Amino acid sequence: MRLLGSLQRQAVRCEDLGSPMYADILRRLVDNYEVGGVAADVLAGYEDPPPGAVIGLRLLGAVHGLVLAGEVPELAVFYPSVGGEWDPVLGWEAFEQVLQSRSAEVRALLTQPPQTNEVRRAAALYGGLLQLMQEVPLPVRLFEIGASAGLNLRADHFHYLADGESYGATDSPVVIEDAWSGRRLEPVTLRIAERVGSDIAPVNPLSAEGARTLTSYVWPDMSERLVRLRGALEVARQVPADVRREDAVSFVRGLELSPGHVTVLWHSIMWQYLTEADRAAVDAQLAELGERADASAPLARLRFEPTTASGDFLIELETWPGGVRRVLGRIGDHGQGLVWNAV
């Protein structure tokens, strides 16, 4: 059954990335499902989810949202995100009880893809823009598809520490330590003239509900991720960005070039959610726009997606005029282990 394999693989990923709590819950969900427990009822209809659906993370996020809203205090005492401590036995019993008592609410949220918003991924965008500035030292018009809440549209307002050097906003509440290694980057000042994103289900980071939704998809025993997210929510209150409810194809079709600016389209870990036809449409539209680009109004595409058979996540930069594409570096899916390629 595809579902159980997905849950088991996600448990390994959680363990590898530093969330033993979620690894434990996911494995217990598998055991519970196999004996016909409440997990089988809650996950009914999802026996063969499509690749990339991460049903396990949807369920975990739904329950975490109830915890953050203060609606399940009997479970909250086991969640580090609200001051609790996970207990493999008592915590699972409380988790199982919540699945039983709030099954309708949890099932309703299984239709919503996780809004990961891992702020550490911003290092790929920021470092990529620094390298672009070496070639095109113009103000940036920054656009993002699959932007969710648009937190990483504010990447230049985060503070990055790498190889003993400091980059970005040194007074930022978001500090990304060990941001990258490999080739040294020149710490130039970025000038962002415009910040616009699109998402089919955008989240408002300025509302209490939106902030709670974003937090619900952060794994509760990963304190550094929670600190980064909370800092990014503070930055969002200070730095405006426009995130529109619009699909990727329509959004890219609406892009125009601007003399005196470099127009940059950015996306990360969202390509898998587009159909093959939509991917082709985005590629074709960018190529068409690139044909109109010139030295005074250049175009760039910066992306961080799983683009190799080995599962590596590559940071790629494509620039127009010319349509030259190159790999800038490699990175983990949550932004960890970023290594810039040598020139």
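Leaving aside neighbours within four places in sequence, which residues is Cys-14 in contact with? In this predicted model, local features need pLDDT of at least 70 and side-chain atom pairs count only at pLDDT 80 or more, whereas totals for chains, interfaces and linings use all residues. Residues are numbered from 1 along each chain as its sequence is written, and side-chain values use heavy atoms, with hydrogens and water left out.

Cys-14 sits in helix H1 (residues 2–17); helices (H or I, at least four residues) and strands (E, at least two) are DSSP runs, numbered from the N terminus. Apart from those sequence neighbours, Cys-14 is in contact (heavy atoms within 4.5 Å) with Ser-19, Tyr-22, Ala-23, Leu-26 and Trp-219. Cys-14 counts as buried because its relative accessibility is 0%; buried means under 20% relative accessible area, exposed over 50%, and partly exposed in between, with a 1.4 Å probe and protein chains only.

Helix H10 (residues 223–238) comes next. The expected span of a helix is 1.5 Å times one less than its number of residues. The 16 residues of H10 should therefore span 22 Å, and its end C-alpha atoms are 23 Å apart, which agrees. Among the buried residues of H10 are Arg-225, Arg-228 and Gly-231, and the cover over the buried residues includes strand E4 (175–176) and H9.

Strands E2 (residues 159–162) and E3 (residues 165–168) pair in the antiparallel sense over four bridges; two strands pair if DSSP finds at least two bridges between them. His-159 has Gly-168 in E3 as its bridge partner. The two strands form a hairpin with two residues between them. In the turn, Asp-163 has a positive phi of about 50 degrees, although Asp-163 is not a glycine. Asp-163 counts as exposed because its relative accessibility is 58%.

Val-54 also is not a glycine, yet has a positive phi of about 40 degrees. Val-54 is found in the loop between helix H3 (38–42) and H4, and it is partly exposed because its relative accessible area is 24%.

Finally, a cis peptide bond joins Trp-320 and Pro-321, with omega about 10 degrees. Pro-321 belongs to the loop between strand E10 (313–320) and strand E11 (324–331).
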